[in-house]
Amino acid sequence: MSLPPRMRAVVFERTGMFGVDTVPTPRPARNEALVRVRSSMICGTDEKILAGKFPATRFPHVPGHEFSGDVVAIGEGVTLAPGARVGVEVHVGCGTCDRCREGMYTLCLNYGKRETGHAHVGFTTSGGLAEYAAVPVAALHRLPDSVSFDDGAWTDNVGIALWALERGRLAAGERVVVFGPGAIGLCAAQLARALGAGSVLLVGRGERLARVRDLVDAVIDVSDVDRLWGSADLVVEFAGTSEAARAAILTARRGGRVVLGGSTGLGTELSGLDLSTIVRGNIDVLGSLANPRGVSGRALTLLARGQVDVKRLVTHHFPLERFADAWTTFTERRNGAIRVMLHPAEGT
Ligand SMILES: [Zn+2]
Ligand SMILES: [Zn+2]
């Protein structure tokens, strides 16, 4: 197909300022494919990028890292056929540093250095809140036939949730508490059930909590969280606040595990916790970043089997031109917004 020379895209122009603009359509470089973006979501991390909390992101920047689409053009060295339906994983390592060689390309020692092959899609490279995105093929997962573009936009998110549970060594029958009823927390809660958790409790607040009541065994408002102290085998935190991290650690039983995954941007400090809680409790406190080792591929299999329902986590849909409305709906959590979905390739 012949590609239009220019396309519509969301542009973060500088800290705190964005718009929808016409920009040159990217061309796929070596080892990249050009993806026509069908479904693309806004994430809490995009708020942190716009606020300048990711120093590696340079403005002006085309954001978007939770997306899917179809391949319309390929660069040199790519065998993926045009027409392939793909979901995007966010981290691409250089492939040769010590961390990449361990499969931990999320921790690539060449972070941000494009010339080494490293890419953090939608962070250090242009992302998918645009009609087209040039993406390294190492970041692409073929979507199973039964996974729609809307569901495929969750490729990275479901992988993040699955990796956190694997970090936490979830065993069948265990009591799991998840902090944060946002998109990733709700994927983690559903996956914990799919992996055989004995019970799953979700801690949060507001309209979102009521909306997802049936996905878990019980929901707990943060104001009541102290009744959970010392009760969980595994605690998973995707709330991203200091209070949630502290409460997550207090919720673990002695000898239990806590996986912290919410505070991905700079500037959140943990305070108000007696360290003996961790030491005398013999608690494993683990950080979990993104989804290394191709875990997104397995996550897509679980999605295809219906073990994670992401459709109901998409509370709003917008065309790209209405990005400003979509942004406000998401960032102000209007009408219990969990994820808002944009459809860039469908035009206006
Ligand atoms: Zn995200
Ligand atoms: Zn590397």
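Asn335 is exposed, with 10 other C-beta atoms within 10 Å; here a residue is buried if 20 or more other C-beta atoms lie within 10 Å of its own, exposed if 12 or fewer, and partly exposed in between, with C-beta atoms placed from the backbone. Although Asn335 is not a glycine, its phi is positive, about 50°. Asn335 belongs to the loop between helix H10 (323-331) and S17; helices (H or I, at least four residues) and strands (E, at least two) are DSSP runs, numbered from the N terminus.

A word on the model itself: it is predicted, so local features need pLDDT of at least 70 and side-chain atom pairs count only at pLDDT 80 or more, while totals for chains, interfaces and linings use all residues. Residues are numbered from 1 along each chain as its sequence is written, and chains are lettered from A and ligands numbered from 1 in the order in which they are written.

Asn31 sits in the loop between strand S2 (17-24) and strand S3 (32-41), and its 16 C-beta neighbours inside 10 Å make it partly exposed. Then there is the peptide bond between Phe59 and Pro60, which is cis, with omega about -5°. Pro60 lies in the loop between H1 and strand S4 (66-74). Most residues other than glycine have a negative phi, and most peptide bonds are trans.

Among the buried ones are Ile184, Leu186, Cys187 and Leu191. The buried residues of H5 pack against several elements, including helix H4 (155-167), strand S10 (175-179), strand S13 (232-237) and helix H9 (295-304). After H5 comes Gly196, with a positive phi near 100°.

As for the overall layout, the chain is assigned domain 1 (6-154 + 310-346) and domain 2 (160-287), with bounds from an automatic or database domain assignment. Their centres, taken over C-alpha atoms, are 27 Å apart. The contact (C-beta atoms, placed from the backbone, within 7 Å) takes 10 residues from domain 1 and 11 residues from domain 2. On the domain 1 side, helix H1 (residues 44-50) gives the largest share, 3 residues.

Notes. Contact = placed C-beta atoms within 7 Å.
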